[in-house]
Amino acid sequence: MSIETDPDLQAAFRAAMGNVAGPVSVVTTHAAGKPAGTTVSAFVSLSMEPPMLLVSLQRGSYLLSLLSVGSTVGVNVLGADQADVATRFTGRHDERFTGIDWVLLDGAPALEDAHAWISLRVARLVPAGDHVLVLGDVVDATSRGPEPASGPLTYHRRSFGTHRDH
């Protein structure tokens with residue numbers, strides 16, 4: 001049974017969520033000998049014991065079609081200087097890695113200059129509205145050292161920005 005969504009509520013919810021700044025990452029996998037990835041801002045630390053991460057992917061996404069329980073997934077947290085990378089990974093899926101430096105790490109594509117890297121093994125895929133929640137067990141995690149000029153890339157009010165210390 002599906003619940004019909006009130007268009008006014010949907011618009012109000014979209015506007016409210018536009019006021020929430022979120023981190024930006026490129027989520028990747030390697031399947032059939034090819035890299036695949038997409039830009040997401042809906043990911044969050046789920047658990048520290050054991051370490052788990054939640055990534056939300058649209059039901060119709062190409063990346064999601066490649067995933068199943070046990071798949072390897074990479075979460076490339078982008079830095080403030082990587083808005084062009086975030087934009088590239090929203091385009092045609094067969095052109096996203098063109099001109100991008102990456103290596104296969106823990107079984108998933110790791111972007112060379114990512115702000116942080118988290119590799120996951122898919123534990124569960126949970127349908128949720130028009131998305132699927134990918135619950136992943138953390139296999140490895142690394143981060144770039146503190147650099148005063150470069151914070152994480154964020155998405156707020158339909159534009160990219162970054163966090164700065166007060």
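Mentor: Let's begin with a definition: two strands count as paired if DSSP finds at least two bridges between them. Keep in mind that we are looking at a predicted model.

Trainee: Thanks! With that in hand, how many residues join β4 to β5 in the hairpin?

Mentor: The hairpin links β4 to β5 through 2 residues. The two strands pair in the antiparallel sense, over 5 bridges. One place to look is Met 48, whose bridge partner in β5 is Pro 51.

Trainee: What holds strands of a sheet together in general?

Mentor: Strands pair through backbone hydrogen bonds, and the pairing is either parallel or antiparallel. Here, β5 is also joined to strand β10 (residues 131–143) by 7 bridges, and these strands run antiparallel.

Trainee: Is strand β5 largely enclosed or open to the outside?

Mentor: For this we need a cut-off: a residue is buried when its relative accessible area is under 20%. In strand β5 (residues 51–58), 6 of the 8 residues are buried, so the strand is largely enclosed by the rest of the structure.

Trainee: Which order do the strands take in the open sheet of 7?

Mentor: The order is β3-β2-β6-β9-β10-β5-β4, with antiparallel pairing. At the edges stand β3 (34–40) and β4 (43–48); each has a single partner strand, so one side of each has no neighbour in the sheet. From one strand to the next, the twist averages 35°.

Trainee: And how many bridges are there between β2 and β6?

Mentor: Strand β2 (residues 25–31) and strand β6 (residues 72–77) are paired over 4 bridges, again in the antiparallel sense. Follow Thr 28 across and you reach Gly 74, its bridge partner in β6.

Trainee: Which strands make up the open sheet of 3?

Mentor: That one has the order β1-β11-β12, and its pairing is antiparallel. Its edge strands are β1 (22–23) and β12 (159–162), each pairing on one side only. Between β1 and strand β11 (residues 153–156) there are 2 bridges, and Pro 23 stands opposite Thr 154 in β11.

Trainee: Let me try a helix residue. Where is Thr 87 placed, and is it buried or exposed, or in between?

Mentor: Thr 87 sits in helix α3 (residues 83–88). Exposed would need over 50% relative accessible area; Thr 87 has 44%, so it is partly exposed. Along the chain, Thr 87 and Val 26 are 61 residues apart, while their C-alpha atoms are separated by 9.9 Å.

Key. Residues are numbered from 1 along each chain as its sequence is written. This is a predicted model: local features need pLDDT of at least 70, side-chain atom pairs count only at pLDDT 80 or more; totals for chains, interfaces and linings use all residues. Side-chain values use heavy atoms; hydrogens and water are left out. Buried means under 20% relative accessible area, exposed over 50%, partly exposed in between (1.4 Å probe, protein chains only). Axes are lines fitted to C-alpha atoms, for helices over the stretch in contact, and angles run from 0 to 180 degrees between N-to-C directions.
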